[in-house]
Amino acid sequence: MRRTISEINERILDGEATVLTAGELKELVLNDEAPSADEVDVVTAATCGVMSGTAAVMHFRVSEPGSFRKAVSAELNGIPAYPGPCPNENLGSVDLFIYGTARSVRDPEYGGGFLLRDLLIGSEVDVTVKSEDGTSIESTVTLKDIETARIIGTRMAFRNYTAIVNPSDKPVRSIFNAFEMPPHCGGLSFSGCGDINPLENDPGMEAIRRGTSVLLNGARGLVLGEGTRSSPERPNLMLSGDLHDMKPDYIGGFRTAAGPEIFNTIAVPLPVTSERVFERLLVLNSDIGLPVADVRDRSRIIHDLTYADTWAGDERPTYNPERCADCLPCLAAERCPTHAIGDGLDTDRCFGCGVCAFSCPYGAYEMDTGEVRIGDRTVPIVCRQSDRVRASSLARELKELIEKGNFLIGGC
Ligand code: SF4
Ligand code: SF4
């Protein structure tokens, strides 16, 4: 069986293409009902997780032309941004780069990922610009005021990750957990959506190439090429998309014990052009290795798992307010990486990481995230840094766009 991309696109335009999400295909495989290659045209694979290499490039008017000469520093809601490279001399406007991992000077719990989500939900953002002539300008903007707002992900959608534990006898702060890693392998954190991840389904990057159209946080995005530190064994992608078209469900801040991080969601169409390509799409969580590393030295692998060991249990926590003892402070709220716990559980913000259930001593938050065996220890999974719920949702959105003939395979 062989099909060209043009043939698949013709079938999409004719409304005849059979499209499955990667999750649907895996379910069929697990139930011994796998279709054959010629019965499927496209599989939509997706991932959602913490992706540190995320930046936004913006241009917007701050004040009247001539009101300042050239920005030398800027902050948005207290988050430092990098002016330039264009000076916009005397135009009253700025070009800015903002990192998803940047931390607000006003609030250490607020970072670039939270700022981008706040812009997407329509919030007004404080702007401070300092000019080289000593002028300081205070202003506010909303996303509508920002003419250019593009996300550039320098390293996204990693195929392979490592899980992390702390074998030492002291807690360790790390970006790999929302709170200090418990000593004596008291908890495991991990990333990666396993068998629905695009690069697990196309490890040789035969379908995913420079110029491939994808959905980035709900917007149409583009693969710019391989990301930084990408290698044949551990590929990742450099991506770009327009922030204006993104959806706040798919992007946001994620606090860690070592500073703010940002999560993104990416869905990629994988055309079934041959039986060989289809064979790769049948990969399951149990086929995908997940080495466990020492948080103090990630090159020190101390155990080997698969994603079947980690992706089990509940997708989201349940909240039982009658069990709440009103502790001060509330450890579940203090540690929740997405600020989803306030007056109850904000399900829109919840990432399904499981930290609240591990942290609440009275079971007000309950969630089975599973446990793994490492040597003679049973280690609870305390923090998921990827979210299969969001990834599956975006994979379904992409499937629907393709089924309606509104998204073709290939370049933009
Ligand atoms: S830690 Fe649990 S019991 Fe204590 S205040 Fe928070 S939710 Fe309530
Ligand atoms: S699972 Fe709990 S800690 Fe994690 S994001 Fe949801 S509410 Fe917050």
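Reader: Why is serine 174 called buried?
Author: Buried means under 20% relative accessible area, while exposed means over 50% and partly exposed lies in between, with a 1.4 Å probe and protein chains only. Serine 174 has a relative accessible area of 7%, so it counts as buried. The model is predicted, so local features need pLDDT of at least 70 and side-chain atom pairs pLDDT 80 or more, while totals for chains, interfaces and linings use all residues. Residues are numbered from 1 along each chain as its sequence is written, chains are lettered from A and ligands numbered from 1 in the order written, and side-chain values use heavy atoms, without hydrogens or water.

Reader: Where is serine 174 found, and which residues does it touch?
Author: Serine 174 is in the loop between strand S10 (163-165) and strand S11 (188-190); strands (E, at least two residues) and helices (H or I, at least four) are DSSP runs numbered from the N terminus. Leaving out residues up to four places away in sequence, serine 174 touches Thr256, Ala257, Ala258 and Val295, contact being heavy atoms within 4.5 Å. Serine 174 and valine 295 are 121 residues apart along the chain, yet their C-alpha atoms are separated by 7.4 Å.

Reader: What makes the pairing of asparagine 264 with threonine 54 a polar contact?
Author: A polar contact is a pair of N or O atoms within 3.5 Å; within protein, one must be able to donate a hydrogen and the other to accept it, and residues adjacent in sequence count only if both atoms are side-chain atoms. The side chains of asparagine 264 and threonine 54 make such a contact at 2.9 Å. Another, of 3.0 Å, joins the side chains of asparagine 264 and asparagine 217.

Reader: How do you know whether asparagine 264 is buried or exposed?
Author: Its relative accessibility is 0%, therefore asparagine 264 counts as buried. Asparagine 264 lies in strand S16 (residues 259-271).

Reader: What makes helix H3 mostly covered?
Author: Nine of the nine residues of H3 (residues 112-120) are buried, including Phe114, Arg117 and Asp118. After H3 comes glycine 122, with a positive phi near 90°.

Reader: How many nonpolar, polar and charged residues are in the shell around ligand 1?
Author: The shell has 10 nonpolar, no polar and one charged residues. Ala, Val, Leu, Ile, Met, Phe, Trp, Tyr, Cys and Pro count as nonpolar, Asp, Glu, Lys and Arg as charged, and the others, Gly among them, as polar. Among the residues around ligand 1 are Asp326, Cys324 and Tyr362, a residue being near if one of its heavy atoms lies within 4 Å.
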